[in-house]
Amino acid sequence: MSRALDDLDSAFKPLAMELISRCTEAGIPVMIITTSRTLEEQAEALKNGFSSTMNGKHLPQSPEGKSKAIDICPFFEFQLHGPDKLQWDSDDPIWTKIGLIGEKMGLRWGGRWKKPHDPGHFEVE
């Protein structure tokens with residue numbers, strides 16, 4: 001599994017970078033969780049309920065063999081055990097703020113999906 005921005009499709013990479021920048025500007029620091037997966041990693045994500053397809057956008061989708069999706073997660077800062085913890089609770093309102101940022105950019109947000117509900121996922125066609 002990759003977290004490298006260079007593994008993103010050349011048309012999608014600037015959008016992913018802008019998403020991260022807009023989150024930061026909104027006071028929401030985020031971590032890149034996934035940019036691309038191998039077929040084996042996608043099969044594991046499907047098996048564990050993190051994906052609903054073997055044709056996910058984290059697989060090489062573009063003619064250049066790059067991904068058209070990114071997963072991010074906000075940091076859960078200034079809590080009892082210090083900074084730099086990730087906020088995995090998808091009921092936290094911060095996810096809606098992140099989702100709206102991505103949707104305003106024209107990205108498809110996994111937080112709108114029912115199964116699997118994936119609020120950290122953003123993709124393009």
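Leaving aside its neighbours within four places in sequence, which residues is Leu 46 in contact with? The contacts of Leu 46 are Ser 51, Ser 52, Thr 53 and Met 54, where contact means heavy atoms within 4.5 Å.

## About the model

This is a predicted model, in which local features need pLDDT of at least 70 and side-chain atom pairs count only at pLDDT 80 or more, while totals for chains, interfaces and linings use all residues. Residues are numbered from 1 along each chain as its sequence is written, and side-chain values use heavy atoms, with hydrogens and water left out.

## Overall fold

The protein has 3 helices and 5 strands, arranged along the sequence as α-β-α-β-β-α-β-β. Helices (H or I, at least four residues) and strands (E, at least two) are DSSP runs, numbered from the N terminus.

The radius of gyration is 14 Å, which agrees with the value near 14 Å for a compact globule of 125 residues; it is taken over C-alpha atoms, and the globule rule is 2.2 Å times the number of residues to the power 0.38. Along the principal axes, the C-alpha atoms fill a box of roughly 45 × 30 × 25 Å. Of the contacts between residues at least 6 apart in sequence, 58% join residues at least 24 apart.

## Burial

Buried residues account for 41% of the 125 residues. Here buried means under 20% relative accessible area, exposed over 50%, and partly exposed in between (1.4 Å probe, protein chains only).

## Back to Leu 46

Leu 46 sits in helix H2 (residues 39-47). With 34% relative accessibility, Leu 46 counts as partly exposed. Its C-alpha atom is separated by 27 Å from that of Ile 101, which is 55 residues away along the chain.

## Helix H3, side by side

Ile 101 belongs to a buried set in helix H3 (residues 94-104), together with Ile 94, Trp 95, Ile 98, Gly 99 and Gly 102. These residues cover an arc of only 155 degrees around the axis, so they lie on the same side of H3; the arc is that of the directions from the helix axis to the C-beta atoms. As a reminder, an α-helix has 3.6 residues a turn, so residues three or four places apart point the same way.

What do the buried residues of H3 pack against? Their partners are helix H1 (13-25) and strands S1 (30-34), S2 (69-76), S4 (108-109) and S5 (121-123). On the other side of H3, Lys 97 and Lys 104 are exposed. After H3 comes Gly 106, with a positive phi near 90 degrees.
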